[in-house]
Amino acid sequence: MFILNPPSSIFHDAKKLFLSEQAGRAQIQDFACKNAANVLSLSNLVMGLSSILCTLNGQHLYACWLILFGFLLDLADGAVARQLNACSALGAKLDDFADFTTFGIATSLLLQAHGILSSVFIICYVMAVFIRLCFFSSGIPFVYRGLPCPYASVILSSTFVLTGGNCFFLHIAAVVMILFMTDQGNYPHDRILETQLWKKTVYIGGLMMLFCCPLRLTCIYYLIWCFSYTLFPSAMWSNE
């Protein structure tokens, strides 16, 4: 009786295949970790572009909903990047571009240009967001100078929903937000998913309300959230 022993090359090839599969899985996992935050930033960008399309087609409530969702994605991408140690120059640029699209251009369209003056006002709002993103650095770690534009955007979007798109109230809110964004005051970094439990609860509550509650009720929740950060940044939202 003969026993055929497989050649050693078969074992060698099988071992190489197993090791290559392990290396492939490790590379995929590493790629996923490094780009998870970028995926969230891209998702925020998609929300902004979708909001613009909704506004241009007269679907303003959908546009507001998409901006609120972009706000949650913006809060999450920084937390994910820091937790996975995946912060990068590309990620920072992508985050700024997504913020400008969603919280600058998409939000400004809710102000409704009906003439030259309102068109100029919309341009002023977009430029305020641009200046806030490009030039306002406090020089202090985890501290912003001027109100972060996502909070201003949420306040305007919620105001649109609650007032039925009333231009008078929207323009007043926009002027106030421009003043806050270009202010010299310091605001704590919104590390809402990395600090106290109650802040994480606020975030989860916002996520659940966005998908489970009427939009008007959801906007009241987001207004309270963002006004508390705008008016009492250090007292309520400090990371200490």
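**Close-up views of a predicted model**

**View 1. Cys 134, a partly exposed cysteine.** With a relative accessibility of 42%, Cys 134 falls in the partly exposed class, because that class covers the range between under 20% (buried) and over 50% (exposed). Keep in mind as you browse that this model is predicted.

View 2. The disulfide count for the model is zero. Cys 212 itself is exposed, at 62% relative accessibility.

View 3. Take a look inside helix H3, which spans residues 89-108 and includes Asp 99. This residue is buried but forms no salt bridge. Its nearest oppositely charged side chain belongs to Arg 132, at 8.3 Å, while a salt bridge calls for a nitrogen-to-oxygen distance within 4 Å. What Asp 99 does have is a side-chain polar contact with Asn 44, at 3.3 Å. Setting aside neighbours within four places in sequence, the residues in contact with Asp 99 are Asn 44, Asp 74, Gly 104 and Leu 133.

View 4. Tyr 62 belongs to helix H2, residues 60-83. Its relative accessible area of 56% makes Tyr 62 exposed, because exposed means over 50%. Follow the chain for 153 residues and you come to Leu 215, whose C-alpha atom is 9.5 Å from that of Tyr 62.

Methods:
Residues numbered from 1 in each chain as written. Predicted model: local features only at pLDDT ≥ 70, side-chain atom pairs only at ≥ 80, totals over all residues. Heavy atoms only, no water. Disulfide = S-S within 2.5 Å. Buried < 20%, exposed > 50% of the residue type's maximum accessible area, 1.4 Å probe, protein only. Helix = DSSP H or I, 4+ residues; strand = E, 2+ residues; numbered from the N terminus. Lys, Arg positive; Asp, Glu negative; His and termini not counted. Polar contact = N/O pair within 3.5 Å; in protein donor to acceptor, adjacent residues only side chain to side chain. Contact = heavy atoms within 4.5 Å.
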